[in-house]
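Thanks for making time this morning. I would like to walk through one model with you, starting with how its parts are arranged and then turning to the ligand.

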Amino acid sequence: MTRQHLAFTLNGRQVETLVEPRELLIHVLREELGQTGTHIGCETSHCGACTVDLDGISVKSCTILAVQAQGSDVMTVEGLAKNGELHPVQEGFMQEHGLQCGFCTPGMMMRAYRLLQENPNPTEAEIRWGMAGNLCRCTGYQNIIKSVQYAARKLQSAKEG
Amino acid sequence: MIPGHFAYHAPASVEEVITLLGQYGDEASVLAGGHSLLPMMKLRFAEPAHLIDINRIPVLRGIRETQGVIHIGAMTTESELIASALLNEKCPLIPEAARVIADPQVRNRGTLGGDVANGDPSNDHPAVMMALDALLVLRGPRGERVVSANGFYQGTYLTQREADELLIEIRIPTPPPGTGQAYCKLKRKTGDYATAAAAVVLQLDGTRCRKAGIALTNVAPTPLRADAAERVLEGKVIDEDLIEQAAVQAMAICDPAEDLRGDAEYRTHMAGEMTRRAIRLALQRVQGKSP
Ligand SMILES: Cc1cc2nc3c(=O)[nH]c(=O)nc-3n(C[C@@H](O)[C@H](O)[C@H](O)COP(=O)(O)OP(=O)(O)OC[C@H]3O[C@@H](n4cnc5c(N)ncnc54)[C@H](O)[C@@H]3O)c2cc1C
Ligand code: FES
Ligand code: FES
């Protein structure tokens, strides 16, 4: 099958590669572009481990063709930290023990990142509703909620400060 | 898990889509949100030779109201339905159903048109569209036609849409003041399809029910319109006794498959219970009290 030229912005950088139309975004990110931070869990659109930001919305990159990202702005977990400094969401997961094995964490953090842009001051119920597309086999979710709350406070105080 | 080989097309206009559909017909599939189609392609249940991606056509998106009709573009996402001030005010049944579909990421991609066109009885919007008497606008090489959501579903994955037709928009007569609506869905967890669900639309004339729309999700090979249940309520002041009779009529038409959600008897029973709850809730919403 012929490969197609694909160009998009990844974590603020312009990237290009050749892909088959049937390749999924998750595979191109990991295998062609070497960005292995985004994980593959179920590959059936259920677990959310593959969550990335696509033009300002959270999506499951196992259920989008790479060619659909043509000209788009994609952000993955590798784009969270800036100048060696952790993003408040990452800091929250560290401080509040929001992970155990860490497999779900890149997807959790990318969803939390976008959720806090959509709703900077969510209630606990809103966090649970907003994070419902991400599964975790380890933590029981309590500390994930606390991590998101930590990040919300930190982002709010940065805005006010 | 990756799909089989296909040629990818990303047309920029509806006209181009129609041309491609005319050219490839049943060799082609339209790619909307992709959250039913891509999983099917990964499993090789679907192997289209041509994939026509309609995500780059802005006219297929959006919600507006003109002359008592709400128009929703086929590519409007579940998240957009939930956020719509127009729908929350004038037709809250649609955002209510969208909120119990899948999860935030899936709802960011999944579209109303895809959910309606898919033809899977477990999709939630078809019953909602039937209860609301929605019209579906289809366009193909032979022109445009408008069909009712009632009658559109003929079997599992079998609809009135021809292989070369594109669903353009969904039209819903704006429910008049005095209408109560509710969608009640039983599911085991976030991201699960319905064990059973009921969509109810009640138009009241004072205390009397002038018109009822009741439809059921995932309890037969197609979504079901529960006409006999509607007739129990129409022309009457709805009380618990009538609600029970309507639920019995709704259960009488169920023919669910046994699956991990339960056996046929349980799922039929749950369809009855969802019907009772949705009627009570719709009444409560329009009258501010339960019967
Ligand atoms: C984890 C998960 C949970 C889910 N839970 C639910 C649920 O509870 N309830 C529910 O209703 N759905 C559920 N879904 C499916 C829903 O999310 C899909 O989005 C929806 O069924 C299809 O819409 P789509 O836009 O993704 O369409 P696609 O997957 O792109 O297309 C579906 C089918 O419709 C055809 N089609 C799409 N648009 C058009 C058009 N405009 N004209 C002609 N043909 C068209 C396609 O060719 C294809 O055959 C779930 C999905 C996932 C992944
Ligand atoms: S890998 Fe994409 S949702 Fe699980
Ligand atoms: S930390 Fe192990 S799956 Fe979430």
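How many Å separate the centres of domain 1 of chain A and domain 2 of chain A, taken over C-alpha atoms? In this predicted model, the separation of those two centres, taken over C-alpha atoms, is 22 Å, where the domain assignment of chain A gives residues 4-77 as domain 1 and residues 88-160 as domain 2.

These two domains of chain A do touch, with 16 residues of domain 1 in contact with eleven residues of domain 2. On the domain 1 side, strand E3 (51-54) and strand E4 (57-60) of chain A each supply at least two residues, and E3(A) gives the most, with three. By class, that side of domain 1 of chain A divides into six nonpolar residues, nine polar and one charged.

Chain B, for its part, is divided into domain 1 (7-51), domain 2 (61-173) and domain 3 (180-286), and the centres of domain 1 and domain 3 of chain B, again over C-alpha atoms, are separated by 34 Å.

That brings me to ligand 1, which lies between chains A and B. There are 28 residues around ligand 1, and those that come nearest are B:Ala32, B:Gly33, B:Leu37, B:Gly110 and B:Gly114. The elements giving two or more residues to this shell are strand E2 (28-31), helix H7 (112-118) and strand E10 (166-173) of chain B, with H7(B) giving the most, namely five residues. Domain 1 and domain 2 of chain B each contribute at least three residues to the shell around ligand 1, whose residues divide into twelve nonpolar, 14 polar and two charged.

Methods. Residues numbered from 1 in each chain as written. Chains lettered and ligands numbered in written order. Predicted model: local features only at pLDDT ≥ 70, side-chain atom pairs only at ≥ 80, totals over all residues. Near = placed C-beta within 6 Å. Helix = DSSP H or I, 4+ residues; strand = E, 2+ residues; numbered from the N terminus. Nonpolar A, V, L, I, M, F, W, Y, C, P; charged D, E, K, R; others polar. Domains from an automatic or database assignment. Contact = placed C-beta atoms within 7 Å.
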